Amino acid sequence: MLFRSRTGTSARPGERASATLLRAALARWSAQIAEDTQTLGLIAPLGMSTLRTLSGPQADTFVQTDLTPVSVWAALRSGGKEATTMALNAIAASRDAEVRNTLIRALAAAKDDASQVLIREFALSGSLRAREMLNWLREEFADPSTRGGTWSWFRKSYPALAERMGKAAETQIVRAHV
């Protein structure tokens, strides 16, 4: 496991910025691109812990680490409906744009049908801002495992999406995803 052997799973005191950036890049590559089961197994619990924190009462004190985006992605990839529900609750409760963006982009990792239904209902509920909706759709279409289902849903839900996002964003939807 190149990720852990090169950089470890957490920052060390006095660690150089290059090591922090390398850890995040190796974790992302190992988890999201190679889908290395050892890496996913190592960082998914970190992501579940993050989701529990963000969907609970201490969310205001949360500080992201270098592995937060990829660990949340891994938790959503392997955590099923439970992880998805926690992520959606955390998005709904958060006003922090960076936290919301991290969670929204990670939603595309959820592959199971039950999670996809929850996410798509949430997307149409009005809980996402127009730009957040575009970011989520971009991630969904970029992931081959969710692209087909998202395309079918997108075609069926296009009128509701266009109405939800407004005329100004309608052109952006078409340009970005068709």
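In this predicted model, the largest pocket has a volume of about 570 Å³. Its lining comprises 22 residues. Those nearest the centre of the pocket are Arg28, Gln32, Trp73, Arg105 and Glu139. Helix 6 contributes the most, with five residues. Sorted by class, the lining holds ten nonpolar, eight charged and four polar residues.

The largest nonpolar core was examined next. In soluble globular proteins, nonpolar side chains tend to be buried together. Here, the largest nonpolar core contains 42 residues. Leu51, Leu76, Ile91, Leu103, Leu107, Met133 and Trp136 touch the most other members. Two or more residues of this core come from each of helix 2, helix 3 (37-54), helix 4, helix 5 (80-93), helix 6, helix 7 (113-124), helix 8 and helix 9 (144-165).

Met133, one of the core members that touch the most others, is in contact with Ala123, Leu128, Leu161, Arg164 and Met165. The second residue, Thr84, sits in helix 5. Thr84 counts as buried because its relative accessibility is 0%, and the cut-off for buried is under 20%. Beyond its neighbours within four places in sequence, Thr84 is in contact with Leu76, Ala110, Ser115, Leu118 and Ile119. Among these partners of Thr84 is Leu76, itself listed with the core residues that touch the most other members.

Technical notes:
Residues are numbered from 1 along each chain as its sequence is written. This is a predicted model: local features need pLDDT of at least 70, side-chain atom pairs count only at pLDDT 80 or more; totals for chains, interfaces and linings use all residues. Side-chain values use heavy atoms; hydrogens and water are left out. On a 1 Å grid over the protein atoms alone, a cavity is a set of points where a 1.4 Å probe fits but cannot get out, and a pocket is an open set with protein on both sides within 12 Å along at least five of seven lines; lining residues have an atom within 4 Å of a point. Grid points are joined across faces, edges and corners, and a volume is the space filled by probe spheres set on the points. Helices (H or I, at least four residues) and strands (E, at least two) are DSSP runs, numbered from the N terminus. Ala, Val, Leu, Ile, Met, Phe, Trp, Tyr, Cys and Pro count as nonpolar, Asp, Glu, Lys and Arg as charged, and the others, Gly among them, as polar. A nonpolar core is a set of buried Ala, Val, Leu, Ile, Met, Phe, Trp, Tyr and Cys residues joined through side-chain atoms within 4.5 Å. Buried means under 20% relative accessible area, exposed over 50%, partly exposed in between (1.4 Å probe, protein chains only). Contact means heavy atoms within 4.5 Å.
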